[in-house]
Amino acid sequence: MNFAKAVDKSFVVSKNIIRKKSESESTKRKRAFICSHNFSVNVTPAGKCIISATKR
Amino acid sequence: MIFEKLVPEFDALLKAFDSGNSYLDQFLKGRMAYDGSIGKTYLFLSDDKKHIIGYYNIGVGSVEIIEDNMRKKIGGAIHINCFAIDKKYQDQSVLTTADGENIHLSDLMLFDCMNRIKYLRENHIGVAFVTLNATKEGEYFYGHNDFEYLEGDMDFSLEDNDVECTKMYLPLDIE
């Protein structure tokens, strides 16, 4: 049995399927915001969750 | 913003968690959340570590293509087994960026989850996809975060409790 050939074939199949995709503009904007801020998450005694963000 | 792996120190906080989805709540409160054969659980905690805002659990899987009636693996995956925000906080705490994007608690938790997956991929294991089974309520959120429905000839395995969910995936080689 030729294992190398079997592996090579599956590699070709994989490369055909796993094509590159583009990240959406919305995701890029959200990621840029999250990466550039520190977040604080607190729950008040009334049970309300408050997030605050400060620029790094 | 605090994300920590689930450890017994946090057990006392678990009973207050209520996502509105009984399976996801039971997963966290039962032993499944600690079951290393399923995945690892990470908690999103308030800064004082007195409240669980949400949690996610990640394990591994693979994506397959069905060709000539045979299933062939086309890439390994990190599978998001569970992803839930406590319903008390689900519609609260929206931040709006200068360019009009709303940032929810779920966005912050997904960002941490994806960062963890990227770290695993860069340092420990090779994977090509992130996969998940979305509930009806979750489909819009994941779609808005670049997850896609599986193409017609693609598939991955389901567990019993996923049968009413929708299979979605995100290729990790993105530009």
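**How many salt bridges are counted between chain A and chain B?**

The count between these two chains is 2 salt bridges. The model described here is a predicted one. This report begins with the contact between the chains and then turns to strand pairing, pockets and cavities.

## The interface between the chains

In this model, 30 residues of chain A are in contact with 35 residues of chain B. Together the two chains bury about 3200 Å² between them, and 61% of that area lies on carbon and sulfur atoms.

One salt bridge joins A:R29 to B:E101, with 2.7 Å between the closest N and O atoms. This pair crosses between chains: A:R29 belongs to helix 2 of chain A, while B:E101 lies in the loop of chain B between strand 5 (95-96) and strand 6 (102-103). Another salt bridge brings together the side chains of A:K30 and B:D107, at 3.0 Å from N to O. Over all chains, the whole structure has 14 salt bridges.

## The hairpin of chain A

Strand 1 of chain A covers residues 37-43 and strand 2 of chain A covers residues 49-55; the two pair in the antiparallel sense over 7 bridges. Within this pairing, A:N38 stands opposite A:T54 of strand 2.

The two strands form a hairpin, with 5 residues between them. In the turn of this hairpin, A:G47 has a positive phi of about 90 degrees.

## Strand pairing around strand 10 of chain B

Strand 10 of chain B pairs with strand 7 of chain B; these strands run antiparallel and are joined by 6 bridges. Strand 10 of chain B also pairs with strand 8 of chain B (residues 148-149), in the antiparallel sense and over 2 bridges.

## The largest pocket

The largest pocket has a volume of about 1000 Å³. Its lining is made up of 37 residues, and those nearest the centre are B:F83, B:T135, B:E137, B:G138 and B:Y142. The elements that contribute two or more residues to this lining belong to chain B: helix 2 (22-29), strand 4 (70-85), helix 3 (105-123), strand 7 (129-134) and helix 4 (139-144).

Strand 4 of chain B gives the most to the lining of this pocket, with 7 residues. Sorted by class, the lining of the largest pocket holds 14 nonpolar, 15 polar and 8 charged residues.

## The second largest pocket

The second largest pocket contains about 360 Å³ of space. It is lined by 20 residues, and the residues nearest its centre come from both chains: A:E23, A:T27 and A:R31, together with B:M114 and B:K118. The elements that give two or more residues to this lining are helix 2 (25-35) of chain A, along with helix 3 and strand 10 (166-171) of chain B.

The largest share of this lining comes from helix 3 of chain B, which supplies 8 residues. By class, the lining of the second largest pocket consists of 9 nonpolar, 3 polar and 8 charged residues.

## The cavities

The structure holds 2 cavities of 30 Å³ or more. The largest cavity has about 90 Å³ of space. Residues of chain B line it, among them B:Y23, B:F27, B:M32, B:I38, B:H79, B:N81 and B:C82. The lining of the largest cavity also includes B:N133, B:E159, B:N161 and B:D162.

Helix 2 and strand 4 of chain B are the elements that give two or more residues to the lining of the largest cavity. Strand 4 of chain B gives the most to this lining, with 3 residues. By class, the lining of the largest cavity has 5 nonpolar, 4 polar and 2 charged residues.

Methods:
Residues numbered from 1 in each chain as written. Chains lettered and ligands numbered in written order. Predicted model: local features only at pLDDT ≥ 70, side-chain atom pairs only at ≥ 80, totals over all residues. Heavy atoms only, no water. 1 Å grid on protein atoms, 1.4 Å probe; cavity = no way out; pocket = protein on both sides within 12 Å on 5 of 7 lines; lining within 4 Å. Points joined across faces, edges and corners; volume = space filled by probe spheres on them. Helix = DSSP H or I, 4+ residues; strand = E, 2+ residues; numbered from the N terminus. Nonpolar A, V, L, I, M, F, W, Y, C, P; charged D, E, K, R; others polar. Pairing = 2+ DSSP bridges. Contact = heavy atoms within 4.5 Å. Buried area = accessible area lost by both parts, 1.4 Å probe. Salt bridge = Lys/Arg side-chain N within 4 Å of Asp/Glu carboxyl O.
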